[in-house]
Amino acid sequence: MSATRRSLASRFQKFVGLETKASLASPDTALFELFGALPSASGIRVTPLTAMTCAPVACAVNAISQALGQLPVHVYQRGADGSKERAPDHPVYRLLHDESNEWTPATKFREELVRDALLYRHGGFAEIIRVDGGKPFELIRINPEVTPVTVGMSQDGPVYSVQENGKARPIDRQNILHLPSPSLSGMGLAHDAREAIGLLLVLERHANQLFANSARPSSILSVKGTGTVPPSADMLAKIRAAWLAAFGNGKSGGTAVLPSEVDWQQVTLSSVDAQFLEIFRFYIEQISRHFRVPPHILYELGRATWGNSEEMNQQFLDGTLMKWITAFEGEVRLKLFDREERDTYFAEFLTDGFVRANYSARMEGLSKGIAARIICPNEAREILNKPPYVGGDKFENPHTSTAVVS
């Protein structure tokens with residue numbers, strides 16, 4: 001549309017009263033898309049902060065981010081024979097295992113970075129401060145609510161800039177640790193799940209109103225009056241006030257004594273109210289699908305039993321956490337180790353503590369693999385993050401031969 005046609009259309013809309021202007025009071029839809037707060041069908045504008053007021057979303061985000069924060073991370077040095085040993089003297093070890101900077105423990109840093117990646121449009125960011133010719137010295141998280149990061153793409157790769165004091169400060173991509181959002185829409189998971197989040201928030205408000213008066217949404221007091229004279233408005237107001245004073249909010253359960261002229265009738269719950277829990281449960285499962293978290297992690301235990309709880313924890317590790325673990329390890333390898341170090345040094349999360357409940361089954365499976373000569377003892381020790389021992393590379397059945405450990 002040309003400028004002249006746009007001008008004519010604008011004047012015509014203004015003449016007939018259809019002209020719309022984007023402002024803070026009634027912003028344009030494009031502005032909501034820009035700031036990641038497109039309104040949902042329920043009328044609630046979902047942002048990362050409002051999404052965290054939704055209990056299932058907060059549970060899903062905290063379950064993933066806190067797990068990544070709790071799992072220990074070690075830096076290893078790979079030997080020529082394929083073995084690996086911890087390298088606590090490497091500067092990256094301190095940043096990932098101990099403290100990321102002078103005021104942030106490494107556990108908190110990892111948790112916050114993953115939380116940002118789960119909620120915000122471009123993911124989580126941290127600036128890498130280097131000293132002594134490029135050695136990483138500090139990892140400083142960039143708060144997306146205070147200093148948003150702009151991500152662009154050029155022929156040479158991604159381009160990053162941080163908005164500080166109204167100005168854009170470019171950051172070289174090698175100096176920024178970026179954990180991208182898994183959202184394919186480019187708007188973040190909070191935006192993708194805005195319909196389910198918005199409806200859950202509406203359901204919570206409905207529940208508050210439903211149970212505000214001891215789970216009695218409303219009732220009817222019928223006053224017959226005297227003879228042919230109907231009750232006056234003043235009389236009805238006094239009767240209502242007296243009823244609320246005696247049996248209002250927080251005073252239910254008593255015995256009501258009513259005059260013969262007054263009848264009380266409770267309004268029963270509608271079918272929608274009666275199926276409230278089923279509706280709420282369905283949308284908890286929707287949040288589970290968006291964030292790829294098993295329903296039992298959101299404390300939706302409809303299918304959980306004592307017998308399958310261990311398998312569900314393993315499912316959470318394999319189907320949810322491993323995606324974030326591999327993404328974190330890959331970004332650390334790319335940004336915190338130079339090209340010469342990448343063949344020798346690497347960072348790795350230890351998940352043994354998380355699957356401790358399945359430890360006996362895991363050991364039994366490794367023992368069977370060794371006995372069947374599918375794996376050697378040193379390969380089993382590598383799976384358990386244990387160093388190899390001399391003679392552990394032999395494929396033999398320990399039940400039919402005697403192993404000598406030196």
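Trainee: What share of the 406 residues in the chain is buried, and what makes a residue buried?

Mentor: Buried residues account for 35% of the 406 residues in the chain. The word stands for under 20% relative accessible area, with exposed meaning over 50% and partly exposed in between (1.4 Å probe, protein chains only). Please keep in mind that this is a predicted model, where local features need pLDDT of at least 70 and side-chain atom pairs pLDDT 80 or more, while totals for chains, interfaces and linings use all residues. Residues are numbered from 1 along each chain as its sequence is written, and side-chain values use heavy atoms, leaving out hydrogens and water.

Trainee: How many helices and strands does the chain have, and what makes a stretch count as one?

Mentor: There are 14 helices and 13 strands in the chain.

Trainee: How do you know that the span of helix α4 agrees with what it should be?

Mentor: Helix α4 covers residues 55-70, which is 16 residues. The expected span is 1.5 Å times one less than the number of residues.

Trainee: What makes you call α4 mostly covered?

Mentor: In α4, 12 of the 16 residues are buried. Among them are P56, V57, C59, I64 and L68.

Trainee: How do you know that β5 and β6 pair?

Mentor: Two strands pair if DSSP finds at least two bridges between them. Strand β5 (residues 124-131) and strand β6 (residues 135-142) have 7 bridges and run in the antiparallel sense, so by that rule they pair. A126 stands opposite R141 in β6. The two strands form a hairpin with 3 residues between them, and D132 in the turn has a positive phi of about 50 degrees.

Trainee: Why are F125 and Y160 called buried?

Mentor: F125 has 4% relative accessibility, so it counts as buried. Y160 has a relative accessible area of 6% and is buried too.

Trainee: What makes the pair of F328 and F349 edge-to-face?

Mentor: Their ring centres are 5.6 Å apart and their planes stand at 85 degrees, so the pair is edge-to-face. F328 lies in helix α12 (residues 309-336) and F349 in strand β13, so parts 21 residues apart in sequence are tied together. F328 is buried at 4% relative accessible area, and F349 is buried at 5%.

Trainee: Why are β7 and β9 said to stand at the edges?

Mentor: The open sheet here has 3 strands in the order β7-β8-β9, with antiparallel pairing. β7 (149-154) and β9 each have a single partner strand, so one side of each is left without a neighbour in the sheet. Between β7 and β8 there are 6 bridges, and T150 has S161 in β8 as its bridge partner. β8 and strand β9 (residues 167-171) pair over 5 bridges, with Q163 opposite A168 in β9.

Trainee: What makes β2 and β13 edge strands?

Mentor: Another open sheet of 3 strands has the order β2-β1-β13, again with antiparallel pairing. β2 (84-86) and β13 (345-349) each pair on one side only. Strand β1 (residues 73-78) is joined to β2 by 3 bridges, and Y76 stands opposite R86 in β2.

Conventions: Helices (H or I, at least four residues) and strands (E, at least two) are DSSP runs, numbered from the N terminus. Rings of Phe, Tyr and Trp (its six-membered ring) pair if their centres lie within 6.5 Å; planes under 30 degrees apart count as stacked, over 60 as edge-to-face and the rest as tilted.
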